[in-house]
Amino acid sequence: MDDKHCGNILSWLGFQTREEQQDVLVLNVLLLGERQSGRSSVGNAIIGGHEFQTGTCVSGVPVTAELGVRSRKFSAFFRRQGAESDLMLRVMDTPPTKLHPQSLQELCTDGVHVVVVVVRVDQLNENSRLLHQAESLFGPEWRDHAMLVFTHADHLGEAGLQPSLYLSQTSDWLRSLAKEAGGGAFFLDNNSDWPSVRGRPLRDKLLQLSAKNHHKALRFRPD
Ligand SMILES: Nc1nc2c(ncn2[C@@H]2O[C@H](COP(=O)(O)OP(=O)(O)O)[C@@H](O)[C@H]2O)c(=O)[nH]1
Ligand SMILES: [Mg+2]
């Protein structure tokens, strides 16, 4: 008898398979960032695969301008109330021009648990419009659900610059956000390791941050 039939008979007899017993926590993660900031690469690290297309612009047109959601379930990722629990991450990649609350709401009807603001360390980041976008999508409480991810951290390493020194010299809005964001700041080198490996600390942070907010989701404000 194969496992499938075995499972059916067990559930017919009233037993639950391991899969059915397992608790699942679903977290919705929204990525915000300018074009070429490394947003899709961060999405891949979080998901632990190559789900989002990444790359450079061709004649100023990005390789993908779609609003995309990718999900992945991480089995037995953590324990709660003494039992193993799965973590299901639903990651939304949002090209900056497609940030309409209505379409985001349709993709994510349960709201957003964590907002990941993606910024490159090797560019001047004077413009703080991401802050205004996030604020108009969710209101001021979004900062409790925010995490700042600096990509291209390999360039800091090459320049011999410590993340703390970089933070002390970066734009005011980034320095304040790094302090105020519930999940703080995280430096990511998307060139190192496999997405599944380099994403692990990010997934841990996302889970910690959401737990700090009692897994409450932010709701989109109407237009
Ligand atoms: N050196 C380096 N390149 C990166 C890093 N993150 C992303 N990239 C590259 O930057 C380009 C744009 O990344 P992508 O994730 O597509 O950016 P998006 O337009 O914001 O979605 C791609 O060629 C990536 O491979 C990083 O941490 N270091
Ligand atoms: Mg992209």
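Student: Which residues does L148 touch, not counting residues up to four places away in sequence?

Tutor: L148 touches V117, V119, L177, A178, A181, A185 and F186. Keep in mind that this is a predicted model.

Student: What makes V117 count as a contact of L148?

Tutor: The test is that the two C-beta atoms, placed from the backbone, lie within 7 Å. V117 is listed among the residues that L148 touches, so the pair passes that cut-off.

Student: How far apart are the C-alpha atoms of L148 and L177?

Tutor: They are separated by 7.4 Å, although the two residues are 29 apart along the chain.

Student: Why does L148 count as buried?

Tutor: L148 has 22 C-beta neighbours inside 10 Å. As for its place, L148 is in strand β5, residues 146-151.

Student: What joins β4 to β5?

Tutor: Six bridges join them, and the two strands run parallel. At least two bridges are needed for strands to pair, so with six bridges β4 and β5 meet that requirement. One example is V115, whose bridge partner in β5 is A146.

Student: What is the order of the strands in the open sheet?

Tutor: The six strands follow the order β2-β3-β1-β4-β5-β6, and the pairing is mixed.

Student: What makes β2 and β6 edge strands?

Tutor: Each of them pairs on one side only. From one strand to the next, the twist averages 25 degrees.

Student: Which strands does α3 touch as it packs on the sheet?

Tutor: α3 touches β1, β2, β3, β4 and β5, and its direction makes about 165 degrees with that of β3.

Student: Which element gives the most to the shell around ligand 1?

Tutor: That is α3, with three residues. Both α3 and α6 supply at least two residues each. In total, 20 residues surround ligand 1, and the closest are G38, S40, S41, T54 and N190.

Student: How do the residues of that shell divide into nonpolar, polar and charged?

Tutor: Three are nonpolar, 13 are polar and four are charged. Gly counts as polar here, so G38, one of the closest residues, falls in the polar group.

Methods: Residues numbered from 1 in each chain as written. Chains lettered and ligands numbered in written order. Predicted model: local features only at pLDDT ≥ 70, side-chain atom pairs only at ≥ 80, totals over all residues. Helix = DSSP H or I, 4+ residues; strand = E, 2+ residues; numbered from the N terminus. Buried ≥ 20, exposed ≤ 12 C-beta atoms within 10 Å, placed from the backbone. Near = placed C-beta within 6 Å. Axes fitted to C-alpha atoms, helices over the stretch in contact; angles between N-to-C directions.
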